[in-house]
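Okay, thanks for coming, everyone. Let me put the model up, and then I'll walk you through it.

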Amino acid sequence: MFEAVNWPEAMVPSRSPIHFTNELEVAASPETVWSLLVDPQAWPRFYPGVEHVRLLDGHDTLRLGTRFETNLAGQDVFASVREFEPVTRIAWGGHPKAAEASKAYHAWIITPTPKGCHLWTEETMQGPFWIELAKKAPDVFWRTHEQLLAALARLATERGGSPA
């Protein structure tokens, strides 16, 4: 039922020391969930640790190739949208500005269900910056994404985006 992530060769899970997945059934339409994921102004309302998102290409929303900067948990991050299939899948890759050798690739897959949608997110991370953070709290990234999915689902449901 669910599709696999289209990994860039350099970021496949088998080459990444940090790899995790999270998923959740959401009682909101795929369109509602998508509208939140591509709207950088909405991120601080559901994305743990995000204080701002600044799009660098003059766009109002994310689209294929959009470059952006954000602050995640106190770290300035640069990223760009690498995959973009409206209402179905989006992925971005990037790195902390202070540690360009440490890369991350974060993908989302939205699948319609009779009661809303199934939301799958998967991420790989490489490099010393991420590894040092994981040593301090091995499940920190997974737990953060569990919180992210729960908050995103709440916001999507509040927007009244459930299917008919």
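**A first walk through the model**

So, of the 164 residues in this protein, 48% are buried, where buried means under 20% relative accessible area, exposed means over 50%, and partly exposed is in between, using a 1.4 Å probe and protein chains only.

Before going on, a word on where this comes from. This is a predicted model, so local features need pLDDT of at least 70 and side-chain atom pairs count only at pLDDT 80 or more, while totals for chains, interfaces and linings use all residues. Residues are numbered from 1 along each chain as its sequence is written, and side-chain values use heavy atoms, with hydrogens and water left out.

Now the overall layout. We have 4 helices and 7 strands; these are DSSP runs numbered from the N terminus, H or I of at least four residues for helices and E of at least two for strands. In sequence order, the pattern is β-α-α-β-β-β-β-β-β-α-α. The radius of gyration is 15 Å, close to the 15 Å from the globule rule for 164 residues, so the protein is as compact as a globular protein of that length. That radius is taken over C-alpha atoms, and the rule is 2.2 Å times the number of residues to the power 0.38. The C-alpha trace spans about 45 × 35 × 25 Å along its principal axes.

What about contacts, meaning heavy atoms within 4.5 Å? Take those between residues at least 6 apart in sequence: 54% of them join residues at least 24 apart.

Let's go inside. In soluble globular proteins, nonpolar side chains tend to be buried together. By nonpolar core I mean a set of buried Ala, Val, Leu, Ile, Met, Phe, Trp, Tyr and Cys residues joined through side-chain atoms within 4.5 Å. The largest one here has 31 residues, and V33, W43, F46, L62, F68, I90 and W108 have the most contacts inside it. Elements giving two or more residues to this core include α1 (30-37), β4 (75-85) and α4 (140-158). Which element gives the largest share? That's α4, with 7 residues. Apart from this core lies another, of 8 residues, among them V5, W7, M11 and Y105.

Let me zoom in on F68. Leaving aside neighbours within four places in sequence, its contacts include W43, L62, V77 and W92.

Next, α1. This helix is mostly covered, with 6 of its 8 residues buried: P30, T32, V33, W34, L36 and L37.

And in α4, we find A153. Is A153 buried or exposed? It's buried, because its relative accessible area is 12%. Beyond its neighbours within four places in sequence, A153 is in contact with L24 and V26. From A153 to P40 is 113 residues along the chain, and their C-alpha atoms are separated by 16 Å.

Compare that with H52, over in strand β2. H52 is partly exposed, with a relative accessible area of 36%. Setting aside neighbours within four places in sequence, H52 touches E69, T70 and N71, in the contact sense. H52 and T121 are 69 residues apart in sequence and 21 Å apart in space, C-alpha to C-alpha.

One last stop: V87, in the loop between β4 and β5. V87 has a positive phi of about 65°, although it is not a glycine. At 25% relative accessibility, V87 counts as partly exposed.

Key:
Contact means heavy atoms within 4.5 Å.
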